[in-house]
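Here are a few exercises to work through by hand, each with a solution. Grab your viewer and let's go.

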Amino acid sequence: MASPEKKHIQVVAAAIFQGDAIFCFKKGADKFPYLSKKFEFPGGKINGKEKKEVALSREIKEELDVEIVVKEEILTVDHVYPDFSLTMTCFRCNAEHSKFKLNEHLEVKLVHVSKLLELEWLAADLPIVQKIMEMHGG
């Protein structure tokens with residue numbers, strides 16, 4: 001008997017820049033230990049036929065209580081975790097302010113692009129970190 005298909009989700013993420021630094025968000029505990037307490041680019045699921053940019057603005061408003069300006073796409077990543085798979089599109093963004101309300105995260109750090117790999121990132125976010133560092137000559 002075939003094993004059931006892993007759930008596949010479409011998500012969007014925000015690399016929120018301030019100059020040559022990015023706001024990095026540490027997740028709280030998760031039902032999957034490999035997702036707990038690691039850094040990520042915030043965002044979430046796309047609802048139905050929602051445009052990616054609209055979904056991202058909505059998710060960031062829900063998670064961080066801040067309005068963002070969604071700029072160009074940085075990278076789309078396909079990643080398979082042990083319990084599900086995802087397609088994540090990350091956009092370069094700017095926030096109206098940096099007074100984030102951490103509804104789902106433990107902490108936020110403003111990290112210079114050259115220092116991003118010093119954090120412990122979720123596996124799906126790592127290719128985006130590497131792409132950003134390449135784009136900035138890191």
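Buried means under 20% relative accessible area, exposed over 50% and partly exposed in between, with a 1.4 Å probe and protein chains only. The model is predicted, so local features need pLDDT of at least 70 and side-chain atom pairs 80 or more, while totals for chains, interfaces and linings use all residues. Numbering runs from 1 along each chain as its sequence is written, and side-chain values use heavy atoms, leaving out hydrogens and water.

**Exercise 1.** Classify the pair formed by phenylalanine 39 and tryptophan 121, then say how each residue is placed.

*Step 1.* Take the rule: rings of Phe, Tyr and Trp (its six-membered ring) pair if their centres lie within 6.5 Å; planes under 30 degrees apart are stacked, over 60 edge-to-face, the rest tilted.

*Step 2.* Here the centres are 6.3 Å apart and the planes make 55°, a tilted pair.

*Step 3.* Phenylalanine 39 has 5% relative accessible area, so it's buried. Tryptophan 121, at 6%, counts as buried too.

*Step 4.* Phenylalanine 39 belongs to strand β3 (residues 39-40), and tryptophan 121 to the loop between β7 and α2 (126-135), 82 residues apart. Strands (E, at least two residues) and helices (H or I, at least four) are DSSP runs, numbered from the N terminus.

**Exercise 2.** Now classify phenylalanine 32 with tyrosine 34.

*Step 1.* With centres 5.6 Å apart and planes at 10°, this pair is stacked.

*Step 2.* Check tyrosine 34: 22% relative accessible area makes it partly exposed.

*Step 3.* Look around: Phe32, Tyr34, Tyr81 and Phe84 make up one aromatic cluster.
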